[in-house]
Amino acid sequence: ETPILKDLVFVGGGHTHAGILRMLGMEPLPGVRVTLITRDVETPYSGMLPGHVAGDYTRRECHLDLNVLARFARVRMVHATAVNLDLKNKRVILDSDR
């Protein structure tokens with residue numbers, strides 16, 4: 001097993017981070033431990049929202065399940081809200097830390 005050399009933390013499970021997680025699932029980065037911190041477990045796919053409003057897609061069809069994506073990408077997922085950064089100690093402060 002490759003030792004952990006770097007930590008990469010994504011705050012928020014938006015469209016861009018979801019795309020990067022998908023790529024990491026297909027091609028992992030050896031030695032990098034990835035963590036996703038997200039308030040929401042599902043994120044909307046913005047390109048499908050107009051179709052959802054028009055009734056062409058269900059809510060389920062136009063949302064990505066971040067739990068499924070995190071498992072596919074083999075990343076840790078923390079279901080919490082990030083409220084601050086501690087740059088000196090390289091920490092993300094979560095609402096549950098208060």
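Figure 1. Helices (H or I, at least four residues) and strands (E, at least two) are DSSP runs, numbered from the N terminus. What you're looking at is a predicted model, where local features need pLDDT of at least 70, side-chain atom pairs count only at pLDDT 80 or more, and totals for chains, interfaces and linings use all residues. Residues are numbered from 1 along each chain as its sequence is written, and side-chain values use heavy atoms, with hydrogens and water left out. The C-alpha trace spans about 45 × 35 × 15 Å along its principal axes.

**Figure 2. Helix 1 packs against helix 3.** Helix 1 covers residues 15-26 and helix 3 covers residues 66-73; their axes sit 7 Å apart, at an angle of about 35°. Those axes are lines fitted to C-alpha atoms, for helices over the stretch in contact, and angles run from 0 to 180 degrees between N-to-C directions. Who does the touching? On the helix 1 side it's Ala18, Leu21, Arg22, Leu24, Gly25 and Met26, and on the helix 3 side Leu69, Phe72 and Ala73. Contact here means heavy atoms within 4.5 Å. Sorted by class, this contact has 7 nonpolar, 1 polar and 1 charged residues. For the sorting, Ala, Val, Leu, Ile, Met, Phe, Trp, Tyr, Cys and Pro count as nonpolar, Asp, Glu, Lys and Arg as charged, and the others, Gly among them, as polar.

**Figure 3. Thr38 is a buried residue in strand 2.** Strand 2 runs over residues 32-38. Is Thr38 buried or exposed? Thr38 counts as buried because its relative accessible area is 3%; buried means under 20% relative accessible area, exposed over 50%, and partly exposed in between (1.4 Å probe, protein chains only). Leaving out residues up to four places away in sequence, Thr38 touches Gly12, Gly13, Leu66, Met77, Val78, His79 and Ala80.

**Figure 4. Leu49 belongs to helix 2 and is partly exposed.** Helix 2 takes in residues 49-53. Leu49 has a relative accessibility of 30%, so it counts as partly exposed. Which residues does Leu49 touch, not counting residues up to four places away in sequence? They are Pro44 and Cys62. Leu49 and Cys62 are 13 residues apart in sequence, and their C-alpha atoms are 6.7 Å apart in space.
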